[in-house]
Amino acid sequence: MYCLKCGKETADKQVFCDHCLGVMSDYPVKADAKVHLPHRTEAATPKKQSRKRPMQPEEQLAAMQQLVRRLLAALIAVTVLFLLTAAGLVYTYKSSEALPTVGRNYTINTGRRP
Ligand SMILES: [Zn+2]
């Protein structure tokens with residue numbers, strides 16, 4: 001009997017293929033069947049992931065420096081936005097304090113200046 005997975009000859013009644021450890025019942029073949037495995041063509045061979053060439057340490061350093069610069073720029077932008085928002089809130093709060101409150105036991109914040 002031949003293993004239909006790898007094509008090597010195995011003994012009859014063998015459960016696993018000695019060569020590829022394939023389970024014989026998963027690849028049923030009659031005892032007299034000739035097994036011929038086609039050779040893989042170039043196109044059928046699974047291609048390895050075409051990795052780019054490994055980065056040199058200088059390139060890695062440059063990439064990391066660029067990443068740090070981008071992160072710093074993003075951090076500065078977020079900080080500026082936060083400060084502008086905080087300043088706007090403070091200004092709104094201060095201007096609403098200027099509303100006359102005499103005789104009122106409530107406050108109205110319309111978000112607009114009177
Ligand atoms: Zn096998």
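Me: Buried or exposed: which does threonine 10 count as at 5% relative accessibility?
Reply: Quick background: this is a predicted model, where local features need pLDDT of at least 70 and side-chain atom pairs count only at pLDDT 80 or more, while totals for chains, interfaces and linings use all residues. Residues are numbered from 1 along each chain as its sequence is written, and side-chain values use heavy atoms, leaving out hydrogens and water. The cut-offs are under 20% relative accessible area for buried, over 50% for exposed, and partly exposed in between (1.4 Å probe, protein chains only). Since threonine 10 comes in at 5%, it counts as buried.

Me: Which residues is threonine 10 in contact with, leaving aside its neighbours within four places in sequence?
Reply: Threonine 10 sits in the segment before α1, which spans 57-97. Helices here are DSSP runs (H or I, at least four residues), as are strands (E, at least two), numbered from the N terminus. Contact means heavy atoms within 4.5 Å. With sequence neighbours within four places set aside, the partners of threonine 10 are Met1, Tyr2, Cys3, Cys17, Asp18 and Met24.

Me: Which side chain does the side chain of glutamine 14 make a polar contact with?
Reply: Glutamine 14 is also found in the segment before α1, and a relative accessible area of 16% is why it is buried. A polar contact is a pair of N or O atoms within 3.5 Å; within protein, one must be able to donate a hydrogen and the other to accept it, and residues adjacent in sequence count only if both atoms are side-chain atoms. The glutamine 14 side chain reaches the backbone oxygen of phenylalanine 16 at 2.8 Å. At 2.7 Å, its side-chain partner is aspartate 18.

Me: What is the phi of leucine 21, which is not a glycine?
Reply: Leucine 21 lies in the segment before α1, and at 62% relative accessibility it counts as exposed. Most residues other than glycine have a negative phi. Leucine 21, though not a glycine, has a positive phi of about 60 degrees.

Me: How many disulfides does the structure hold?
Reply: A disulfide is a covalent bond between the sulfur atoms of two cysteines; the cut-off used is a pair of cysteine sulfur atoms within 2.5 Å. Cysteine 6, at 22% relative accessibility, counts as partly exposed, and so does cysteine 20 at 24%. The number of disulfides in the structure is zero.

Me: Which residues make the nonpolar surface patch of about 310 Å²?
Reply: Patches take residues with over 30% relative accessible area and no salt bridge, joining like charges within 9 Å and nonpolar side chains (Val, Leu, Ile, Met, Phe, Trp, Tyr) within 5 Å. A salt bridge is a side-chain nitrogen of Lys or Arg within 4 Å of a carboxyl oxygen of Asp or Glu, and areas come from the Shrake-Rupley method with a 1.4 Å probe, with only the protein chains shown counting as cover for residues. Leucine 71, in helix α1, counts as exposed at 56% relative accessibility. The patch is made by Met64, Leu67 and Leu71.

Me: What percentage of the 114 residues of the chain count as buried?
Reply: The chain has one helix and zero strands. Its accessible surface comes to about 10,800 Å², with 61% belonging to carbon and sulfur atoms. Of the 114 residues, the buried share is 7%.
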